[in-house]
Amino acid sequence: MSHVPATSEPNGSESTIVAARGSPPTTGAPPRVTLHLGHLPGKTNISVPYPRSPSRVDPNNPPWPAFRGYHRYSFAHATMGVRLPTILGKAIDDASRTLNEQSSEDLIVDLANCLERMDQLMVDLSGNAKLRPIIDDDEADVALWNKEIAKYFQGKDFMNAPWLFAEAYKYRRLHECFSVSKYWKGYDVFYRQKCDTFSRSAEAVFELSMRFAEPFKHAANLSDAERLEADRLMFLELTQVCLWGNSTDLSLLINMTEEQIKSLQSTGGDHLAATEKNILGNHLNRLWETVKSIREKMGGRIDFVLDNAGFELYCDCVYADFLIQSGLAKEIRFHGKRYPWFVSDVTRKDWEWLLNTMVYGHLFPKATEVERESLRRLGDRWKQYERDGKWVYEQHPFWCTGYTFWELHSEAPDLFLHLSRSDLVFFKGDLNHRKLTYDCHAPASTPFDVAIGPMASAAGAPRICSLRTVKSDVVVGLGEEGDLIAKKLDDEEPGWKISGKYAVVLLSEGRPGEKVRFA
């Protein structure tokens with residue numbers, strides 16, 4: 001028995017069956033059947049998902065394709081080829097300036113050796129050398145670094161390793177230039193830059209200190225509902241202050257004028273209202289409900305994984321001050337870096353410098369006595385929080401490794417357990433966001449809790465909020481229309497991912513309260 005294939009007529013004519021049992025073979029085109037499909041669902045445009053890595057996720061094989069230095073279309077290429085050598089060149093200039101200020105032969109010779117190691121790092125970076133192991137300099141992270149290099153990056157160089165790892169490796173090698181010395185182990189080649197940038201932030205600094213020098217209090221005769229609404233509005237505005245304070249990132253803004261700094265650091269209400277439309281993934285209202293629930297159980301612990309020193313850290317502290325005063329938190333823990341990292345990241349020295357400069361310093365010669373007093377009172381209150389244990393500064397070695405936060409659970413279980421006891425963890429800035437999301441080419445529509453993997457899905461994972469101005473290629477959490485939004489911006493505003501004009505406030509509910517388990 002023969003079967004004739006049924007096919008659709010291109011012109012939509014009526015279907016005919018022309019082949020039957022026993023009929024003679026026909027010549028010419030084969031007979032066809034036309035089907036009318038008017039009652040079936042219409043065709044839809046389907047966006048093809050970005051390819052996920054087909055095998056197990058690891059540091060050299062992220063869940064979506066990695067950004068690498070040889071990808072000319074990405075910010076990774078500009079960073080590895082131009083920005084990092086420029087930053088290292090400025091670091092060499094700083095160390096040379098310090099060398100010229102010394103009189104002791106021992107100090108001079110030791111620092112000259114540091115400069116030789118920096119020159120070798122420049123040769124390696126510019127020549128795209130292979131990534132060698134880290135020298136044992138008694139830092140707590142050496143084993144983690146060398147394990148990761150041995151397992152995943154043997155034979156890799158600066159340009160073909162994932163950008164995030166290669167960039168972090170460069171800063172670890174820079175620290176090694178000093179950490180193996182005798183007299184300069186704790187030297188910070190970026191310290192002058194950080195202090196100078198804050199000193200040029202006077203307008204924004206006093207805008208906030210004049211508002212918050214005195215303890216926060218509600219107007220008299222407000223009802224409970226009115227007090228709650230006042231707290232909500234204050235919280236939303238200060239969250240934006242904390243968010244956009246991230247605009248001052250020295251590793252990105254290498255040559256910035258004072259007027260440009262003032263523009264980025266504007267904290268007025270009109271400015272904040274105008275910038276909220278640039279928060280592409282906006283969970284601000286969910287965030288308020290979260291912190292309100294913390295207060296309803298008599299306050300709790302909130303953590304900040306810090307980003308930049310100077311003005312951004314100052315904004316973080318203003319925000320944390322309000323959280324304490326309003327009862328939204330009883331304890332704030334700040335997590336910084338153990339040594340200079342990505343130019344402007346907060347170290348303990350930066351933390352202590354900020355608080356002591358506010359109370360005792362003479363950093364703003366043009367300030368009025370009233371402005372200086374407002375800053376002093378703010379600094380006094382913050383130092384009292386430290387003495388009372390309401391504010392605690394910490395620095396775990398894991399924050400300065402090449403691992404993303406997907407590996408925090410497995411590589412730093414003590415830190416994961418510590419964070420699991422927090423009611424809410426803020427991750428500040430672009431670098432922390434890149435580490436949360438594995439810094440890979442995930443679609444912009446990818447939900448935040450999917451993009452951060454185990455930091456959302458592992459038992460005991462804390463609630464996490466990423467406050468990030470967008471300054472690099474990875475963008476997630478923009479909702480179901482996120483891919484279309486990103487494509488529209490790609491077409492209309494090339495470079496939008498690195499301009500700092502846009503931001504995200506993204507919340508993951510995590511799995512708080514569940515028992516933390518390790519394999």
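1. Contact here means heavy atoms within 4.5 Å. On that basis, of the contacts in the protein between residues at least 6 apart in sequence, 80% join residues at least 24 apart. Bear in mind that this is a predicted model.

2. For the overall picture, the protein has 519 residues, and 52% of them count as buried. Its secondary structure comes to 19 helices and 7 strands.

3. Now the cores. The largest nonpolar core has 60 residues, and those with the most contacts inside it are Phe235, Ile302, Phe304, Tyr314, Ile332, Trp382 and Trp391. Helix H11 (residues 311–325) supplies the largest share of this core, 11 residues. There's also a second, separate core of 54 residues, which includes Met80, Ala168, Tyr187 and Trp341.

4. Setting aside neighbours within four places in sequence, Phe235 is in contact with Leu287, Trp288, Val291, Tyr319, Phe322, Leu323 and Leu328.

5. Next, a helix pair: H7 (residues 224–244) and H10 (residues 284–296) have axes that come within 10 Å and cross at roughly 125 degrees. Angles over 145 degrees count as roughly antiparallel and 65 to 115 as roughly perpendicular, so H7 and H10 are oblique to each other. Their crossing is right-handed.

6. On the H7 side, the contact is made by Leu228, Asp231, Arg232, Phe235, Leu236 and Thr239. H10 brings Leu284, Asn285, Leu287, Trp288, Val291, Lys292 and Arg295. Sorted by class, that contact has 7 nonpolar, 2 polar and 4 charged residues.

Methods. Residues numbered from 1 in each chain as written. Predicted model: local features only at pLDDT ≥ 70, side-chain atom pairs only at ≥ 80, totals over all residues. Heavy atoms only, no water. Core = buried A, V, L, I, M, F, W, Y, C linked by side-chain atoms within 4.5 Å. Buried < 20%, exposed > 50% of the residue type's maximum accessible area, 1.4 Å probe, protein only. Helix = DSSP H or I, 4+ residues; strand = E, 2+ residues; numbered from the N terminus. Axes fitted to C-alpha atoms, helices over the stretch in contact; angles between N-to-C directions. Parallel < 35°, antiparallel > 145°, perpendicular 65-115°, else oblique. Left-handed = near helix turned anticlockwise from the far one by under 90°. Nonpolar A, V, L, I, M, F, W, Y, C, P; charged D, E, K, R; others polar.
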